[in-house]
Amino acid sequence: MRPITVSITGAAGNIGYALLPRIASGAVFGPDQPVVLKLLEIEPAMKALDGVAMELYDCAPPLLHDVVCTSDPEEAFGDAQAVFMVGAMPRGPGMERSDLLRANGPIFTGQGAAIAKAAAKDVRAVVVGNPANTNCLIAIHAAKKHGLGPEHFTAMTRLDMNRATAQLALKAKAPIRDVSHMIIWGNHSNTMVPDTTHARIYGMPAGDVINDAAWLKDSFSPTVQTRGKAIIDARGKSSAKSAAHAAIEHMRQLWVGTEPGSWTSIAVYSTGKHYGIPEGIVYSVPVTCPGDGSYRVVEGLACSAEVKALMKVSADELVSEREAVQSLL
Ligand code: NAD
Ligand code: LMR
């Protein structure tokens with residue numbers, strides 16, 4: 001089988017360390033698909049990146065065809081069919097993710113343009129670096145100037161969906177595999193809306209199985225919304241293994257598709273046609289993926305007035321973030 005080219009930015013960082021061996025072991029593109037990994041880092045991290053590449057070879061993963069380490073974005077994205085945009089500063093204690101806009105936003109202008117110029121024409125890029133939704137918007141604008149459309153870029157809220165799914169399973173004392181159809185709406189921030197309206201446990205409405213509306217509102221939602229901070233407080237570093245795993249699942253579902261009858265949550269460029277979400281922000285919605293790299297927003301889901309109001313708060317926040325980075329668009 002011909003190898004595919006996969007680019008990972010920030011490859012010497014925490015998430016990169018957890019992500020690379022799994023991509024090289026077939027977790028995203030399948031157990032028979034050889035991969036060329038192109039790893040992008042900034043100059044001061046190149047020595048550490050060499051060490052990461054050495055360790056990668058030391059795993060001797062049968063699917064690893066080649067590794068390229070570079071600090072040149074166009075070289076890193078050359079012919080890439082899949083890109084993991086991880087490279088960005090993480091927040092520390094006491095910071096909100098949006099505090100990172102000033103530091104990280106400019107990274108995504110250069111990289112969005114470089115992807116449009118150098119990557120394969122059917123490239124799919126997932127933005128992980130925070131604040132992920134608005135960094136993705138910045139990359140979309142930069143890529144558009146070089147002829148690549150917004151459908152090639154998505155931002156990751158799969159980690160939030162996984163967190164929510166696991167919390168429901170724990171509460172219901174149900175196996176995680178028996179929880180499905182969680183939705184994350186909006187921004188990967190404290191305003192995200194973990195919506196259990198359509199979630200199922202053992203195929204039944206999650207609300208009926210849990211039977212504790214106060215817990216859903218006062219415990220479940222805040223736990224999911226602030227889980228990133230809880231991890232930072234506990235580990236002293238932001239989530240890495242779970243973030244890498246979510247990035248793998250995000251890309252795998254774009255690549256091989258969602259299961260029939262199920263969906264996933266992905267932050268996508270809003271066309272203004274769904275659920276009253278304003279046009280021109282990157283907003284998390286439930287999607288199905290046919291398996292060719294594209295996604296379709298799940299339409300026609302009922303949203304309560306309460307959920308709609310919360311969705312608007314998250315949309316308003318994303319509109320404010322867009323205003324804050326206007327000079328980069
Ligand atoms: P880290 O600091 O360990 O690693 C980041 C790496 O990116 C570093 O090696 C750094 O040298 C590199 N980097 C910085 N600027 C770069 C550039 N211009 N080009 C290429 N590489 C560059 O951080 P981490 O823990 O791996 O987290 C990475 C990002 O992912 C952070 O912004 C973090 O907040 C975010 N994150 C997002 C989610 C999510 O759910 N969306 C989850 C966890 C972490
Ligand atoms: C997370 O949700 O774990 C990441 O976005 C890291 C953070 O800053 O919360």
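**Two ligands in a predicted model**

Of the 25 residues around ligand 1 in this predicted model, Asn 14, Glu 41, Met 89, Val 128 and Asn 130 come nearest.

Student: Which helices each supply at least two residues of the shell around ligand 1, and which domains does that shell draw on?

Tutor: Two helices each give at least two residues to the shell around ligand 1, namely helix H1 (14-24) and helix H4 (101-118). At the level of domains, at least three residues of this shell come from each of domain 1 (4-155) and domain 2 (158-328).

Student: How do the residues of the shell around ligand 1 divide into nonpolar, polar and charged?

Tutor: The shell around ligand 1 holds 25 residues. They divide into 14 nonpolar, 10 polar and 1 charged.

Student: Which residues surround ligand 2, and how do they divide into nonpolar, polar and charged?

Tutor: Ligand 2 is surrounded by Arg 91, Arg 97, Asn 130, Leu 159, Arg 163, His 188, Gly 228, Ile 232, Ser 238 and Ser 239. By class, the shell around ligand 2 divides into 2 nonpolar, 5 polar and 3 charged.

Student: What is the distance between an oxygen atom of ligand 2 and an N or O atom in the side chain of Arg 91?

Tutor: Side-chain contacts to ligand 2 include a polar atom of Asn 130, which lies 2.8 Å from an oxygen atom of the ligand. An N or O atom in the side chain of His 188 is 2.6 Å from an oxygen atom of ligand 2. For the side chain of Arg 91, the corresponding distance is 2.5 Å.

Student: How much of the accessible area of ligand 2 does the protein cover?

Tutor: Taken on its own, ligand 2 has 260 Å² of accessible area. The part of this area that the protein covers is 94%.

Student: Why does ligand 2 lie between two domains, and which are they?

Tutor: Ligand 2 sits in the second largest pocket. Helix H6 (158-172) and helix H9 (227-235) are the elements that give two or more residues to its shell. Because both domains give residues to the shell around ligand 2, the ligand lies between domain 1 (4-155) and domain 2 (158-328).

Student: Is the peptide bond from Asn 130 to Pro 131 cis or trans?

Tutor: Asn 130 is among the residues that come nearest to ligand 1, and it also belongs to those surrounding ligand 2. Pro 131 is placed in the loop between strand E5 (124-127) and helix H5 (132-144). With omega near -10°, the peptide bond from Asn 130 to Pro 131 is cis.

Terms used:
Residues numbered from 1 in each chain as written. Chains lettered and ligands numbered in written order. Predicted model: local features only at pLDDT ≥ 70, side-chain atom pairs only at ≥ 80, totals over all residues. Heavy atoms only, no water. Near = heavy atom within 4 Å. Polar contact = N/O pair within 3.5 Å; in protein donor to acceptor, adjacent residues only side chain to side chain. Areas by Shrake-Rupley, 256 points an atom, 1.4 Å probe, with all protein chains shown as cover. 1 Å grid on protein atoms, 1.4 Å probe; cavity = no way out; pocket = protein on both sides within 12 Å on 5 of 7 lines; lining within 4 Å. Sits in = over half its atoms within 2 Å of the grid points. Helix = DSSP H or I, 4+ residues; strand = E, 2+ residues; numbered from the N terminus. Nonpolar A, V, L, I, M, F, W, Y, C, P; charged D, E, K, R; others polar. Domains from an automatic or database assignment.
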